[in-house]
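Work through the exercises below with the model open beside you. Try each task before you read its solution.

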Amino acid sequence: MEHLELVVFGLLLATAGLAVLSRILGVPYPITLVLGGCVIGFVPGVPNVELDPDLVLLLFLPPLLYGAAFFTSLRDLRNNARPIALLAIGLVFVTMGAVAVVAHEVIGLGWGESFVLGAVVSPTDAVAPAEIMRRLGAPRRMLTVIEGENLTNDWTALVLYSFAVAAVVTGSFSLGDAVFRFFVNGIGGVLIGLAAGWVIREVRSRVNDPPTEITISILSGYAAYLPAEELGLSGVIAAVTVGVYMGWYTPQLTTPVMRMQGVSVWEILMFLLNAVLFLLVGLQLPNVLDEISGYSASELISWGLLVSAVVIVVRLVWQFTIVYVIRALDRRPSQRARRSTWRERVVGGWAGMRGSVALAAALAIPLETDAGAPFPQRDLLIFLAFAVILVTLVGQGLTLGPLIHRLGIRDDGAEQEEEVLARVRIAEAAIARLDEIAGDGWAREDTIDRVRGMYDYRRRRFSAIADGDGTTYEERTDLYLRLMYELFDAQREELLAMRNHREISDEVRRKVERELDLEETRLQG
């Protein structure tokens with residue numbers, strides 16, 4: 001490709017610009033990225049881009065899956081295992097089947113290609129709906145189910161995708177073999193993920209260098225994904241398993257500096273991976289449209305809308321039917337208390353947007369079969385997948401917020417209650433340890449009294465909040481924070497003045513500034 005450096009620079013510039021635009025418009029960044037990718041792809045002079053399908057899943061999936069799993073709460077996954085499993089396994093099978101039937105009977109695709117399309121558009125994306133729900137304060141359980149579904153339905157959809165692609169590429173398919181491999185691949189993927197997690201945990205317990213640890217963290221998804229794929233097992237499940245495993249053990253292995261830097265790096269990496277995927281599809285879209293011959297624009301648009309409608313309607317119907325089946329089978333009082341309302345089911349059904357995993361799967365469809373013939377209708381499959389992503393991500397993404405407002409969905413306060421409880425308990429633990437240290441005699445008494453006063457104030461403040469009587473404490477805290485922020489601003493101004501007058505180096509400025517930043521961040525505790 002000519003002028004590759006200009007293309008890369010243009011993509012980076014477009015990514016930054018679209019991210020800024022999403023903040024200005026107040027919409028999740030995947031929406032501006034997918035729309036921006038479409039526009040950029042048709043700009044005159046933009047070069048044609050075509051990725052090797054074998055590299056797409058390899059490059060993008062392991063870190064995306066690992067990152068999503070790492071930041072997932074294992075406790076919340078366990079508590080909501082049944083609704084997550086129903087969406088991540090049952091709904092994926094139903095969606096794939098429904099899309100395949102419509103693609104075969106209406107569009108005229110072969111059964112193999114129809115099931116490939118169904119598998120591609122089955123996995124949901126959690127980035128956009130999660131961002132909207134967090135911003136609007138949706139109940140945590142609803143958010144957990146949406147994120148948990150996204151984390152686990154990738155396995156189901158991509159395993160089914162591999163079976164469907166293999167059937168088209170080889171020209172043969174065995175249902176019994178597919179069912180056997182489905183479970184063996186999943187179990188094997190879990191074991192590989194656990195083994196990789198144990199090795200990574202042992203290595204990181206012996207390393208105390210943030211750049212090295214962050215590098216290991218970025219490569220952890222590959223450390224599980226690649227061996228699993230090489231053994232014919234589920235690399236998706238392996239990457240998810242090692243992510244959950246390391247998410248559980250990492251707090252015991254790392255320093256505060258490493259944790260702060262690591263979270264920042266992963267936020268940037270996840271954003272860039274999603275951004276590049278969306279932009280790459282936009283850049284390839286003109287080529288895809290050029291290769292689709294024999295179909296009118298009206299046919300392509302109507303088929304894209306039809307498949308999108310099937311995906312959306314199937315999810316809504318599932319939300320309002322499977323719940324009654326479960327209620328008929330499980331009438332325990334503990335389960336009745338956890339039942340969702342019809343409003344929450346509507347929101348959950350409307351939150352089924354498609355995103356980066358569906359994009360990666362579409363782009364990874366092979367170019368040829370084993371016989372050397374072109375993969376049947378590959379470009380049409382990519383176009384239909386992109387249409388579903390566009391309709392669900394933009395259409396549902398822009399209307400999910402108003403729908404949540406309209407139905408009156410509100411935060412249940414569970415997360416805030418747990419946060420207050422945690423702050424009370426850690427303050428009590430600190431005071432108890434201070435009492436032990438005071439008895440040892442190695443710390444100055446005035447220092448212990450000063451620190452005990454600070455933690456005792458924290459304990460009383462958060463205990464009052466937990467009892468519903470924290471207004472006075474909060475007013476005092478707000479005034480204290482205002483005072484301290486003024487002092488931090490004064491210190492930073494002086495620090496910059498010293499740098500500008502060449503009294504200190506930039507290295508010294510960054511070191512002292514970081515200490516101020518850490519201290520200011522700690523104030524919120």
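## Exercise 1: A ring pair

Tyr66 and Trp266 are both buried. Keep in mind that this is a predicted model.

**Task.** Find out how the rings of Tyr66 and Trp266 are arranged, and which helices they lie in.

**Solution.** 
Step 1. Take the count of aromatic pairs: the structure holds seven.
Step 2. Look at the rings of Tyr66 and Trp266. Their centres are 5.5 Å apart and their planes stand at 35 degrees. Planes under 30 degrees apart would count as stacked, and over 60 as edge-to-face. The angle is 35 degrees, so this pair is tilted.
Step 3. Place the residues. Tyr66 lies in helix α3 (residues 53-70), and Trp266 lies in helix α12 (residues 256-291). The two are 200 residues apart in sequence, so the pair ties together those parts.
Step 4. Widen the view. Ring pairs link Tyr66, Phe70, Phe71 and Trp266 into a cluster.

## Exercise 2: Salt bridges

**Task.** Examine the salt bridges Arg433 to Glu436, Arg452 to Asp435 and Arg492 to Asp517.

**Solution.** 
Step 1. Side chains of opposite charge can pair when their charged atoms come close. The cut-off used here is 4 Å from nitrogen to oxygen. By this rule there are 10 salt bridges.
Step 2. Start with Arg433 and Glu436. Their side chains meet at 2.7 Å, N to O. Both residues lie in helix α18 (residues 414-440). They are three residues apart, about one turn of the helix. Arg433 is partly exposed at 44% relative accessibility, and Glu436 is partly exposed at 45%.
Step 3. Go on to Arg452 and Asp435. Their closest N and O atoms are 2.8 Å apart. Arg452 lies in helix α19 (residues 445-466) and Asp435 in helix α18, so the pair ties together parts that are 17 residues apart in sequence. Arg452 is partly exposed, with a relative accessible area of 24%. Asp435 is partly exposed too, with 41%.
Step 4. Follow the links from this pair. Asp435, Asp449 and Arg452 are linked in a network of salt bridges.
Step 5. Finish with Arg492 and Asp517. Here the closest N and O atoms are 2.8 Å apart. The pair links distant parts of the chain, 25 residues apart: Arg492 is in helix α20 (residues 471-500) and Asp517 in helix α21 (residues 506-523).
Step 6. Classify these two partners. Buried means under 20% relative accessible area. Arg492 has 18%, so Arg492 counts as buried. Asp517 has 35%, so Asp517 counts as partly exposed.

## Exercise 3: A surface patch

**Task.** List the residues of the nonpolar surface patch that includes Val190. Then locate Val190.

**Solution.** 
Step 1. List the members: Leu175, Val179, Phe183, Ile187, Val190, Leu191 and Leu194. Together they have about 670 Å² of accessible area.
Step 2. Locate Val190: helix α9 (residues 175-204).
Step 3. Val190 has 33% relative accessibility, so Val190 counts as partly exposed.

## Exercise 4: Positive phi

**Solution.** 
Step 1. Read the angles. Phi of Gln377 is near 55 degrees, and phi of Arg502 is near 65 degrees. Each is a positive value in a residue other than glycine.
Step 2. Gln377 is partly exposed at 33%, whereas Arg502 is exposed at 79%.

Methods
Residues are numbered from 1 along each chain as its sequence is written. This is a predicted model: local features need pLDDT of at least 70, side-chain atom pairs count only at pLDDT 80 or more; totals for chains, interfaces and linings use all residues. Side-chain values use heavy atoms; hydrogens and water are left out. Patches are made of residues with over 30% relative accessible area and no salt bridge: like charges are joined within 9 Å, nonpolar side chains (Val, Leu, Ile, Met, Phe, Trp, Tyr) within 5 Å. Accessible areas come from the Shrake-Rupley method with a 1.4 Å probe; for residues, only the protein chains shown count as cover. Helices (H or I, at least four residues) and strands (E, at least two) are DSSP runs, numbered from the N terminus. Buried means under 20% relative accessible area, exposed over 50%, partly exposed in between (1.4 Å probe, protein chains only). Rings of Phe, Tyr and Trp (its six-membered ring) pair if their centres lie within 6.5 Å; planes under 30 degrees apart count as stacked, over 60 as edge-to-face and the rest as tilted.
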